[in-house]
Amino acid sequence: MKSNPSMLRIARIILLLLIAVASACQVSKENASKKLNEPVYSLFDSTLRPFYHGVASGDPLTNQVIIWTRVTPEDSIARIPVQWEISENENFNPILTSDTISTSPTKDYTVKVDVKGLSPGKYYYYRFRALEKTSPTGRTKTLPEKNSDSLTFAVVSCSNWEFGYFNAYARIAEKEVDAVLHLGDYIYEYGVGRYGNKEVDRKNLPPHEIISLADYRTRYSQYHLDAGLRNVRQRHPFITIWDDHEVANNVYSEGAENHQPDQEGDFNIRKAAAKQAYYEWIPIRESDKHYRSFSFGPLAELIMLDERLEGRTKPVDSISDPAYTTPERSMLGTEQEKWFETKLKSAATWKIVGNQVVFSDLDASLVNPKWSKNMDSWDGYPAEKKRIADFIRQENIGDIIFLTGDTHASWAFEVAIDPQKTYKAKNSQGAFAIELGTTSVSSANSNEYTTDDTVKMQEANYLKANPHLKYTNQRDHGYLLLTLFPEKAKAEWYYVETLLEPDNREHVGHKLVVNKGSHSLK
């Protein structure tokens, strides 16, 4: 029988159509099975797709800076090309430099670029392109090489999703600062309802205590969907250091109060996961050492200490423990302590120390007789603290300012090694440094658990028991603004009005000044 060419052509076309339909169905099935699992999906702002987490910069130097973003695809893609651009102006005309790199699930789709070849003390604008979209434009600033008329730092610590909105970050985004110094507790590890404010409809994701790499990644992803944090990272470079809750409460190099191996597995595996997620999500230059320093020209040297994972030995429970005063117990570890001493000898006018926990002696006996000293702070490591104090005094190093987070309270100390005996409040005799503590962005203050009047009485008792303490506020949330001049340093504590909703109200709660060459706060 003779074949019909027309019929054959029709048969071939039908066959091709059937193959195409089958292939499309197979592709559809594969895409459905590869849909990216994003537990925070419900929090995404669709107008920002795929740059839901915005952009950020950090660890600025005189000639380079880290720029960051996260590209969130609809489906799990093995590799995403990402183009970055940086310019001296917002319209990117001309583009100073650009390149294309890639990200993947192994990096949690985050992107970090160490941009080099920049000029000192200049603003730069940057952006990313991926998946046919362009990111928001970020702004950053390199460090000065020459002397500056002034420098301003916003100092923050302790942001907790379940305690409320990050309004302090939003207010900093509106100000002109040279850098944001984050002193730790960038996230909290707890599960839903474990540590938060039930009046706020913000529930942790994942809902359980975070332990695995996927857990930590999800928690960082959630925090960066707060508009306040997203905006401040887009506007200013960050210089960060971790405290304990980036891993687990009261962490030290070999364990943590909030880690039980029989329930949560190998601590070192958990610590490695926490560190990996931190370095993926934070615009920080990665190194085997987390502690580092930044030179802001002749005006300031910024020294960021790692008081948790580098060398901290296990804390003791009380001053009655026989091991309490032994010299082997350490907050920094031998290597970091020696490095710190070297950095304190900087020729810069101001030596600024990024310090996680209170360095000054603090007598809490009038507030809580059963808990007169905080063993998690420098008071828990007296031998090492004394070595550092003795070094500063013996080397006659002046103009040191410790910046401290952790306590969810504001503090201003004239740092003295023995405030009850050798220190004289009238003329600041015996003081050898200044310490300024920033309150929490949102983590619980004392008045989350009692009345304002009760907390005011506690504040008065702190001042009464500690003559070197010149200011404290245990009630309000916000940040510290530190402005350095060649002849003085000015501290301003800003407090937001509420955490219950996004809100733009704030006020200055207190101001203090220390003059160059002085250890007296006025």
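A polar contact here is a pair of N or O atoms within 3.5 Å; within protein, one must be able to donate a hydrogen and the other to accept it, and residues adjacent in sequence count only if both atoms are side-chain atoms. Helices (H or I, at least four residues) and strands (E, at least two) are DSSP runs, numbered from the N terminus. This is a predicted model, where local features need pLDDT of at least 70 and side-chain atom pairs pLDDT 80 or more, while totals for chains, interfaces and linings use all residues. Residues are numbered from 1 along each chain as its sequence is written, and side-chain values use heavy atoms, without hydrogens and water.

Helix 6 covers residues 267–281. At its N-terminal end, Asp266 is the cap, with a side-chain oxygen 2.7 Å from the backbone nitrogen of Asn268. Buried residues (under 20% relative accessible area, 1.4 Å probe, protein chains only) in helix 6 include Phe267, Ala273, Tyr278 and Trp281.

In helix 9 (residues 452–465) sits Glu459. Glu459 is buried, at 6% relative accessible area, and a polar atom of its side chain lies 2.8 Å from the backbone nitrogen of Gln474.

Note on methods
Expected span 1.5 Å × (residues − 1). Buried < 20%, exposed > 50% of the residue type's maximum accessible area, 1.4 Å probe, protein only.
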